[in-house]
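Hi,

Here is the structure I said I would pass on. Have a look at it first, and my notes follow below.

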Amino acid sequence: MRFIISPAKKMNMDTDTLAAVGLPVYVDRAGELLDWMRKKRLPEMKAVWKCSEKIAREAYARLEKTELKRNLTPAFLSYEGIQYQYMAPAVFEDGQWDYVQEHVRILSGFYGILRPLDGVAPYRLEMQAKASEAGSLYAFWGRSLYEYLAAETDCIVNLASREYALCVEKYLEKDMRYVTCVFGEEAGRTSLPVLQKGTHAKMARGEMVRFAAEHRIVTPEGLKDFNRLRYEYREEYSEKDLYVFCKRVLAEKEII
């Protein structure tokens, strides 16, 4: 079983807390993207990044200083998004790093696919960006991310956002089990019984990775016991390979 998760926009460098273990499997292809970006002018890259002038200037200046094989940070400690905050890898206990290194894979527009301890440098490049000579990052990476996962496992648990999950979903083969987890609230409508909110879903995805690492879960069925952040598995909304978790409504005595 392998979890797939999304990266985060905000990244940091931390070479002191924990040493990186190895390089990303597609580091040379990341080098191709780095070379492509370095050849572009600032206005062109600002259009690719779809960000403010200030952020674009900072990211553009960083391109020339970026090194892909030295002074690197473990991927799990580099990303600073909400999902990673709730995962809290900086305080993993014995065995949890071993678990995530084996079972969790990060999908990345720049690096392709990452293990938690792979050494990375800060970058700015989202998967849906129109970048690379191929015209888009989806075309640039093609089947390679799915094929890497297929060589490791016959079961993928999707905890990624839609834009990243597409890199894998479009290539799924019939012998690959693909389980998607949804975190939401009951909407009270027949057409849309469960409403998923972006920020809350990111929090829950991080908590689920931590939950799985703490309990050493190796099959999707074990995830049905997830009960963090008031979420609980709801059989009536779920399907064979769609696990739906809804927030439990607080009882009156629980409300402070």
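H9 gives the most, with five residues. Sorted by class, the lining of this pocket has 12 nonpolar, seven polar and 10 charged residues. Keep in mind that this is a predicted model.

The second largest pocket holds about 210 Å³ of space. You'll find Lys 9, Lys 10, Met 11, Ile 55, Glu 58, Ala 59, Arg 62, Pro 122, Tyr 123 and Arg 124 lining it. That lining splits into five nonpolar and five charged residues, with no polar ones.

One residue I also looked at is Thr 73, which sits in strand E2 (residues 73–74). Is Thr 73 buried or exposed? Its relative accessibility is 0%, so Thr 73 counts as buried. A polar atom of the Thr 73 side chain lies 2.8 Å from the backbone nitrogen of Asp 14. Leaving aside residues up to four places away in sequence, Thr 73 touches Asn 12, Met 13, Asp 14, Thr 15, Ala 20, Ser 78, Asp 118, Gly 119 and Val 120.

That's what I have for now.

Cheers

Conventions
Residues numbered from 1 in each chain as written. Predicted model: local features only at pLDDT ≥ 70, side-chain atom pairs only at ≥ 80, totals over all residues. Heavy atoms only, no water. Helix = DSSP H or I, 4+ residues; strand = E, 2+ residues; numbered from the N terminus. Buried < 20%, exposed > 50% of the residue type's maximum accessible area, 1.4 Å probe, protein only. Polar contact = N/O pair within 3.5 Å; in protein donor to acceptor, adjacent residues only side chain to side chain. Contact = heavy atoms within 4.5 Å. Nonpolar A, V, L, I, M, F, W, Y, C, P; charged D, E, K, R; others polar. 1 Å grid on protein atoms, 1.4 Å probe; cavity = no way out; pocket = protein on both sides within 12 Å on 5 of 7 lines; lining within 4 Å. Points joined across faces, edges and corners; volume = space filled by probe spheres on them.
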